[in-house]
Amino acid sequence: MSLPRLMILLLLTASATAAARSDPIENAYAAISQGRPAEAITSLHAHARDSQAWDRWYDCANAAWAAGRPGHAAAWFLHAATLAPAEPAPRAALAAMDIEPPPTWIGRMGLLGLLLRGVAGLGLLFCGGALLGWALLGLRRHRLVAAVAGAVLLTVALPVQIALQVDHARLAQWNAVVRDTHLLSSTGTPTRPLPAGTLVRRLPREPWAGQVLVDLGNGRRGYVALADLDASWPPTDQTQ
C-alpha cells in the first residue's frame, strides 16, 4: 500500500474512533455500565426528548432510578407508558418502584392486546378494510366471503387500536411529583405528604397561584405546586 493511501486510511480510522468516543449516547450507556448513571441522564434525556420514542424515555428513567432520582424516574416511566400503552416494561418498572400504574383498557385485553399492539394490528385493519371495500364495490365473486372476513378482522383489530388511543389520552392526564411534597387544601394548608414518585391525575382546571388541582386516583383531591410536577432536566433545584 502506498504512503498516501496509508495516511488516508489512518486519518479515517482516527476520525471514526474520535466520533465514536464523542457520541454522547454511547458515552451515556458506558457511564451506566460503569456505575455512573447520574452522568448519563442529561444525554439520555435530550435524546428521549428529541426522539419521543418510548424506549428512550424508558432508558432515561432507568438511569434516573439508578441515580437516586425516584421522582424523575417515575415521571419518565409514566411518559414511556403514555407513548406506548401496550408495552409492559414501563408499567413493570413503576410496579418495581412500588408505584401502582394507572389502569388501561389495553391491559385488560391480555394476550390479544399484546399481539395486535403494533404492525400486526394495523395490518389486520388494512386487510379488513380492503376486504370490506372489495365487497362493497359490488364485485360478485366471493363478495359474501370478503364481507364476512373483513368484518371479522375489523372486529378483532379495531377495539385494540381504539383502546390504545383512549389509553394514550387517559395516561396523558397523569403526572408524577418529582420531589417530596404535600397535597394542599384550597387554602394552601398541607393535608398529606406526597413522596417523590407519587402519581397524580391533573383535573381540567386552570392553574391557580402556581398550583393545580389533582386527584390521587382514590377520589381524594387537592392541590399540588406546578413546580413539583416539572420533570424537565436539569431540574429546577437539586432536591427530590
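Trainee: Which residues does Leu216 touch, not counting those up to four places away in sequence?

Mentor: This is a predicted model, in which local features need pLDDT of at least 70 and side-chain atom pairs count only at pLDDT 80 or more, whereas totals for chains, interfaces and linings use all residues. Residues are numbered from 1 along each chain as its sequence is written, and side-chain values use heavy atoms, with hydrogens and water left out. Contact means heavy atoms within 4.5 Å. With sequence neighbours up to four places away set aside, the residues touched by Leu216 are Leu183, Arg192, Leu194, Leu199 and Val200.

Trainee: Does Leu216 count as buried or exposed?

Mentor: Buried means under 20% relative accessible area, exposed over 50%, and partly exposed in between (1.4 Å probe, protein chains only). Because the relative accessibility of Leu216 is 15%, this residue counts as buried.

Trainee: Which residue in the turn of the E5 and E6 hairpin has a positive phi?

Mentor: Strands (E, at least two residues) and helices (H or I, at least four) are DSSP runs, numbered from the N terminus. Leu216 is found in the loop between E5 and E6. These two strands form a hairpin with 5 residues between them. The positive phi, about 95°, belongs to Gly217.

Trainee: How many bridges join E5 to E6?

Mentor: Two strands pair if DSSP finds at least two bridges between them. Within this pair, Gln211 stands opposite Ala225 in E6. The strands run antiparallel, and the number of bridges joining them is 5.

Trainee: Which residues form the covered face of E6?

Mentor: In a regular strand the side chains alternate between the two faces of the sheet. E6 spans residues 221–225, and its uncovered face holds Arg221, Tyr223 and Ala225. The covered face consists of Gly222 and Val224.

Trainee: Which residue in E5 is the bridge partner of Arg201?

Mentor: E4 pairs with E5 (residues 211–215) in the antiparallel sense over 2 bridges. E4 (residues 199–202) is also joined to E1 (residues 174–176) by 3 bridges, again antiparallel, and there Ala176 is partnered by Leu199. Towards E5, the partner of Arg201 is Asp215.

Trainee: What is the volume of the largest pocket?

Mentor: On a 1 Å grid over the protein atoms alone, a pocket is an open set of points where a 1.4 Å probe fits, with protein on both sides within 12 Å along at least five of seven lines; lining residues have an atom within 4 Å of a point. Grid points are joined across faces, edges and corners, and a volume is the space filled by probe spheres set on the points. The largest pocket has 21 lining residues, with Glu100, Trp174, Leu199, Leu216 and Gly217 nearest its centre. Its volume is about 400 Å³.

Trainee: Which element gives the most to the lining of the largest pocket?

Mentor: At least two lining residues each come from H10 (143–171), E3 (190–194) and E4. With 3 residues, the element that gives the most is H10.

Trainee: How many charged residues are in the lining of the second largest pocket?

Mentor: This pocket has a volume of about 270 Å³. Of its 17 lining residues, those closest to the centre are Ala75, Trp76, His79, Asn175 and Ala231. Asp, Glu, Lys and Arg count as charged, Ala, Val, Leu, Ile, Met, Phe, Trp, Tyr, Cys and Pro as nonpolar, and the others, Gly among them, as polar. The lining divides into 10 nonpolar and 6 polar residues, and the number charged is 1.
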